[in-house]
Amino acid sequence: MHDVIVIGAGLAGLRCAGLLSTRRLDVVVLDAADAVGGRQRTDIIDGFRLDRGFQVLNPAYPALRRSVDLDALALGTFPVGVGVRTADGMAELRHPLRHPLSIGTSLRSGLVNGRDAVALARWAAPALVRPLSRLARNDVRVREGWDAVGLRGPLRTAVLEPFLAGVLAESQFETSNAFARLLVRYFALGRPGLPAQGIAAVPEQLAARARTAGADIRLDSRAERISARGDGVRVALADGDSVGAARVVVAVGPDDVAGLTGLLAPVTNGLQTWWFAAAEPPTGSALLTVDGRRDRGPVVNTVVMTHTVPSYAPAGRHLIAATCLLPRGGDPAEEHEVRRHLSEIWGADTSTWELIRRDDIEDALPAQPAPLGAARPPRYAERLYVAGDHRDTASIQGALASGERAARAVLSDAGYSGSTAALHG
């Protein structure tokens with residue numbers, strides 16, 4: 001019998017397994033997929049690296065810095081700013097502290113006025129100095145948070161709303177104001193980017209570390225049922241086999257957690273990403289770009305990936321990503337709508353672009369409604385634990401931190417309390 005079974009080889013499960021293995025526990029990781037990563041997957045198609053949906057990696061996440069060797073990822077970083085299609089053309093807004101020479105251009109764009117700038121500072125500044133627990137006191141929906149500081153002009157409607165719609169995977173801004181401010185803090189402090197080998201490089205590094213520490217990672221092993229057996233737990237697999245351990249950590253995605261635990265399924269938001277190949281890029285800018293004109297089409301953001309990570313495409317080719325919301329129960333965007341909208345945003349002919357793949361991810365992000373609750377404890381039954389970003393904040397940070405908390409709980413319950421001091425999260 002093993003010490004611990006971890007079900008799920010996503011970020012939370014791999015982080016948990018790695019930490020437990022370094023404490024010399026006998027850990028086996030089970031995952032139904034043919035590769036580690038969960039929602040952080042990268043496929044190579046015709047020489048293009050396609051992540052499962054548009055992803056970014058923010059090195060400002062504390063749990064990420066604890067978990068992986070960032071230098072080894074060879075991150076390409078996106079510019080800290082946003083491109084905005086307006087009725088008058090394309091405008092660019094860049095981080096004023098990192099690009100002070102861009103302030104004049106931003107003011108002349110018509111998207112920023114003094115009142116909005118002050119309101120945005122009032123809204124965002126507390127997140128730079130207060131912990132999330134403080135931000136979450138008297139939490140409201142993000143749209144109410146903007147109203148409270150008087151942020152109502154084009155900086156909100158043409159920039160923040162379309163930008164955060166893609167980040168939060170919802171456009172009604174029902175999301176927690178505290179959570180939105182937390183994300184803005186990370187954007188302000190970090191320089192988001194992507195590994196040269198794709199987002200899958202993150203879970204692959206976590207998996208390599210866990211294996212080096214002694215963890216056994218078994219792919220193509222779908223867990224179907226968990227049952228208590230005496231002083232242990234048994235996990236039945238889809239192939240008819242079973243695995244036993246003293247404890248089990250369920251670290252599957254929000255779409256599978258209910259079936260294995262009996263817990264309520266987390267509410268999630270969906271995203272749809274379109275991957276296009278082109279011989280020539282529609283722009284020389286690497287900025288993530290949004291449409292600041294209201295209701296002009298389904299695309300919430302688009303970017304030329306190869307301006308930031310050239311390794312995402314073969315030599316002489318470019319990869320363009322376009323992301324749309326995927327409303328549950330609603331109609332997904334169609335290709336002709338996406339191409340038409342991209343043509344308007346970029347001011348370019350998109351008819352010759354090759355569609356490589358479309359990713360419809362219904363459970364892209366756990367919803368974070370107001371008021372934002374505290375991170376959920378990992379223990380949910382005797383000898384059973386649960387981890388994942390749906391137990392924390394909907395982010396890579398939340399997934400890794402949840403995996404750390406689950407590892408701490410397992411070690412404590414197994415009598416390793418003296419060795420948990422080095423585990424953070």
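Reader: Which way does α6 cross α7, left-handed or right-handed?
Author: Right-handed. The rule is this: look at the near helix, and if it's turned from the far one by less than a right angle, anticlockwise counts as left-handed and clockwise as right-handed. One thing before we go on: this is a predicted model, where local features need pLDDT of at least 70, side-chain atom pairs count only at pLDDT 80 or more, and totals for chains, interfaces and linings use all residues. Residues are numbered from 1 along each chain as its sequence is written, and side-chain values use heavy atoms, with hydrogens and water left out.

Reader: Where do I find α6 and α7?
Author: α6 covers residues 142–149, and α7 covers residues 154–168. Helices (H or I, at least four residues) and strands (E, at least two) are DSSP runs, numbered from the N terminus.

Reader: Why are α6 and α7 called roughly antiparallel?
Author: Their angle is about 155°, with the axes 13 Å apart. Angles under 35 degrees count as roughly parallel, over 145 as roughly antiparallel, 65 to 115 as roughly perpendicular, and the rest as oblique. α6 and α7 are therefore roughly antiparallel. The axes are lines fitted to C-alpha atoms, for helices over the stretch in contact, and angles run from 0 to 180 degrees between N-to-C directions.

Reader: Which residues meet where α6 packs on α7?
Author: Arg143, Trp146 and Asp147 from α6 meet Arg156, Leu160, Glu161 and Leu164 from α7. Sorted by class, that's three nonpolar, no polar and four charged residues. Here Ala, Val, Leu, Ile, Met, Phe, Trp, Tyr, Cys and Pro count as nonpolar, Asp, Glu, Lys and Arg as charged, and the others, Gly among them, as polar. Contact itself means heavy atoms within 4.5 Å.

Reader: What makes α7 and α8 roughly perpendicular?
Author: They pack at about 100°, with axes 12 Å apart. That angle falls in the perpendicular range, so α7 and α8 get the label roughly perpendicular. Phe163, Val167 and Leu168 of α7 touch Phe179, Leu183 and Phe187 of α8. The class count here is six nonpolar, no polar and no charged.

Reader: And why is α4 called oblique to α6?
Author: Their axes come within 9 Å and cross at roughly 125°. That angle lands among "the rest", which makes α4 oblique to α6. α4 passes α6 in a right-handed crossing. On the α4 side, Ala119, Arg122 and Trp123 make the contact, and on the α6 side Val142, Gly145, Trp146, Ala148 and Val149 do. By class there are six nonpolar, one polar and one charged.

Reader: How many aromatic pairs are there, and what makes Phe54 and Phe78 an edge-to-face one?
Author: There are seven aromatic pairs. Phe54 and Phe78 have ring centres 6.2 Å apart and planes at 70°, so the pair is edge-to-face. The cut-offs: rings of Phe, Tyr and Trp (its six-membered ring) pair if their centres lie within 6.5 Å, and planes under 30 degrees apart count as stacked, over 60 as edge-to-face, the rest as tilted. This pair joins distant parts of the chain, with Phe54 in the loop between β4 and α2 and Phe78 in the loop between β5 and β6, 24 residues apart.

Reader: How do you know that Phe78 is buried?
Author: Its relative accessibility is 6%, so Phe78 counts as buried. Buried means under 20% relative accessible area, exposed over 50%, and partly exposed in between (1.4 Å probe, protein chains only).

Reader: What kind of pair do Trp146 and Phe173 form?
Author: A tilted one, with 5.3 Å centre to centre and 55° between the planes. Trp146 sits in helix α6 and Phe173 in the loop between α7 and α8, 27 residues apart. Trp146 is buried at 0% relative accessibility, and Phe173 is buried too, at 6%. Ring pairs link Trp123, Trp146 and Phe173 into a cluster.

Reader: What about Asp220, buried or exposed?
Author: Exposed: its relative accessible area is 56%. Asp220 lies in the loop between β9 and β10. Its phi is near 55°, a positive value in a residue other than glycine.
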